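Have the structure open beside you as you read.

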Amino acid sequence: MSNLVLYRKYRPQEWREVIGQEHVTRTLINAIKFGHIGHAYLFSGPRGTGKTTVARLLAKSVGCADLDLIEIDAASNRGIDEIRELRDGVKFAPSSGNYKVFIVDEAHQLTKEAFNALLKTLEEPPAHAIFVLATTEANKIPATILSRVQHFAFKRLSVSDIAEKLKKIADEEKIKISGDALRLIASSAAGGCRDAESTLEQLRVWSDKNIEKSDVEELIGAIDFEKVKTMADCLAGGAKQSIDYIAKMTENGTDMEAFAKAFVSHLRKILFVKVDGSLLNLMSQELTPEQMETVKSQSQNFSLETVSRAVKAFMTAQNDIKRSPVPSLPIELAAVEIANSQNSQIKTQIEN
Ligand SMILES: Nc1ncnc2c1ncn2[C@@H]1O[C@H](COP(=O)(O)OP(=O)(O)OP(=O)(O)O)[C@@H](O)[C@H]1O
Ligand SMILES: [Mg+2]
């Protein structure tokens, strides 16, 4: 067990271990409890949010034997043959227990013919069959299939939920890592748990000392909130401050492209607050309450016009970095442009 990669080793084996998907697990647990198990489910949602995990738990909970759990990866078996085989296999009774469970991963990759073959099966599934189609792209599933399945949309996991799980793993595995480092891993994982767990694994191999936030920054080029926050303050302070801070980051080896990306995302949050304070709730999964306060207070330093211009300028900068002779130059240019437009706006306000 110990040589398993972390994300496999810590795949939830019990319903209560699944984080962030209560809307799905509660419904399924009740369906099993009251004997209302459906024959066809669609699990959609971002990578690493628990679709395969929950499909396997469902199989386990209905007493499906290992032999009767059939997993098909539609990404590599796009063909109609596999689905035909599945359609034929479906007729045979389970080897033991009452159910056979078919998990079709990356279901959106099935060909049209394969979908048609599957549809026939979904129209009249035998009582012992349960289908779970899992996909990251629900919009690519044909309407004919959609109308025959119960659809569960998995959500991105919140930074604090991921960080909490990482903490448990780190404790269990005796990995010494700071809370700040765990949070940074979690916030760089874009709501997916697998990537976060893989990063933790990489860090364990990478450093045998106490793992700190700076290690995460160095290994995966993650950008800490402090950096984008400071940059936004500098931007409000003027061009000189901004360039000084960019120089400081360059000295410390910050990956400028990753920084530009993180800064665009920070500016976007400020933009949302400028448009309407309540829009910040869209970000509540990504930010701690303190960070939300920071975004709110920073939004007061910019006009709506400046922020929207800044989003564009730094997005362009992000794209230009690869081609730039000096990696920090596009960001410096964007900073000068925005800091100056901010200043001239303030001047006109004062003059008027
Ligand atoms: N909701 C969750 N609760 C706890 N752990 C999770 C959750 N989602 C994912 N994980 C962790 O991430 C790993 C991968 O999850 P899983 O295979 O279920 O993702 P998925 O949604 O099927 O992703 P993909 O779209 O890439 O197939 C699991 O083994 C587990 O360690
Ligand atoms: Mg999966």
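The crossing of α13 and α15 is left-handed, a label used when the near helix is turned anticlockwise from the far one by less than a right angle, with right-handed used if clockwise. Before going further, please note that this is a predicted model, in which local features need pLDDT of at least 70, side-chain atom pairs count only at pLDDT 80 or more, and totals for chains, interfaces and linings use all residues. Residues are numbered from 1 along each chain as its sequence is written, while chains are lettered from A and ligands numbered from 1 in the order in which they are written.

Helices (H or I, at least four residues) are DSSP runs numbered from the N terminus, as are strands (E, at least two). Axes are lines fitted to C-alpha atoms, for helices over the stretch in contact, and angles run from 0 to 180 degrees between N-to-C directions. Here are the two helix pairs side by side:

| Helix pair | Axis distance | Angle |
|---|---|---|
| α13 (residues 256-275) and α15 (residues 304-320) | within 9 Å | roughly 160 degrees |
| α8 (residues 179-188) and α10 (residues 213-220) | 7 Å | about 30 degrees |

α13 and α15 are therefore roughly antiparallel to each other; that term covers angles over 145 degrees, with under 35 counted as roughly parallel, 65 to 115 as roughly perpendicular and the rest as oblique. Residues of α13 including F263, V264 and L267 meet residues of α15, among them V307, V311 and F314. Contact here requires C-beta atoms, placed from the backbone, within 7 Å.

By class, the contact of α13 with α15 has 13 nonpolar, 2 polar and 4 charged residues. Nonpolar covers Ala, Val, Leu, Ile, Met, Phe, Trp, Tyr, Cys and Pro; charged covers Asp, Glu, Lys and Arg; the others, Gly among them, are polar.

Of the 24 residues around ligand 1, R11, G50, T52, T53 and C193 come nearest, a residue being near if its C-beta atom, placed from the backbone, lies within 6 Å. The shell divides into 8 nonpolar, 8 polar and 8 charged residues.

Methods
Two residues are in contact if their C-beta atoms, placed from the backbone, lie within 7 Å.
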